[in-house]
Amino acid sequence: MTIWVDADACPVVVREILFKAAVRTRVALTLVANQFVRVPPSPFISAIQVASGFDVADNEIVLRAQAGDLVITSDIPLAAEVIEKGALALSPRGELLTADNVRGRLMMRDFMDTMRSSGVHSGGAAAYSATDKQAFANQLDRYLAKQ
């Protein structure tokens, strides 16, 4: 099992939680980004830098993810693609996306995208909070305990 991280938009605090979890559980953790990402020295933690461009990091994660892997991302289309391959996706806010719920989230994302392109302003996402951090850590721990 590998944990893949869509690292371009992943909060630093989430990365720190993941680094500790990877070392503690000896699970492979790979961050994928189109810029250099500093990772601590560990045989369980690595980073892949991909070329700049729209969805290049996402495409790399989809290419490499396998059934049973976990992908950390807030990108719903990416989550849907890796779930089709048998992986799970976890948002930095602690929402576990599975085959049971990702289609509904994808439909809502597409609806909101249509609304924004029509000129409706939704205000955007709330700032990342301590509650989000705790929800992420709890969901990650539950997932790792099952492995």
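User: What makes Arg 24 and Asp 141 a salt bridge?

Analyst: In this predicted model, the closest N and O atoms of Arg 24 and Asp 141 are 3.2 Å apart. The cut-off is 4 Å between a side-chain nitrogen of Lys or Arg and a carboxyl oxygen of Asp or Glu. The pair therefore counts as a salt bridge. Arg 24 sits in helix H1 and Asp 141 in helix H5. They are 117 residues apart, so the pair links distant parts of the chain.

User: Why is Arg 24 called exposed?

Analyst: Exposed means over 50% relative accessible area. Arg 24 has 54%, so Arg 24 counts as exposed. Asp 141 has 38%. That value lies between the cut-offs of 20% and 50%, so Asp 141 counts as partly exposed.

User: How many salt bridges does the rule give?

Analyst: The count comes to 4. Among them is Glu 60 with Arg 64, whose closest N and O atoms are 2.5 Å apart. Both residues lie in helix H2, residues 56-64. They are 4 residues apart, about one turn of the helix.

User: Is Glu 60 buried or exposed, and how do you know?

Analyst: Buried means under 20%. Glu 60 has a relative accessible area of 18%, so Glu 60 is buried.

User: What makes Arg 93 and Asp 132 a salt bridge?

Analyst: Their closest N and O atoms are 2.6 Å apart. That is within 4 Å, so the pair qualifies. Arg 93 lies in the loop between E5 and E6, and Asp 132 lies in helix H5. The pair therefore ties together parts that are 39 residues apart in sequence. Arg 93 is partly exposed at 34%. Asp 132 is buried at 14%.

User: How do you know that the span of helix H5 agrees with its length?

Analyst: Helix H5 has 17 residues, 130-146. At 1.5 Å a residue, H5 should span 24 Å. Its end C-alpha atoms are 25 Å apart, which agrees.

User: What caps the N-terminal end of H5?

Analyst: Ser 129 does. A side-chain oxygen of Ser 129 lies 3.3 Å from the backbone nitrogen of Thr 131. The cut-off for a polar contact is 3.5 Å, so this distance falls within it.

User: Which residues of H5 are buried, and what covers them?

Analyst: The buried residues are Asp 132, Phe 136, Ala 137, Gln 139, Leu 140, Tyr 143 and Leu 144. Their cover includes strand E1, helix H1 and strands E4, E5 and E6.

Note on methods. Residues numbered from 1 in each chain as written. Predicted model: local features only at pLDDT ≥ 70, side-chain atom pairs only at ≥ 80, totals over all residues. Heavy atoms only, no water. Helix = DSSP H or I, 4+ residues; strand = E, 2+ residues; numbered from the N terminus. Expected span 1.5 Å × (residues − 1). Buried < 20%, exposed > 50% of the residue type's maximum accessible area, 1.4 Å probe, protein only. Contact = heavy atoms within 4.5 Å. Polar contact = N/O pair within 3.5 Å; in protein donor to acceptor, adjacent residues only side chain to side chain.
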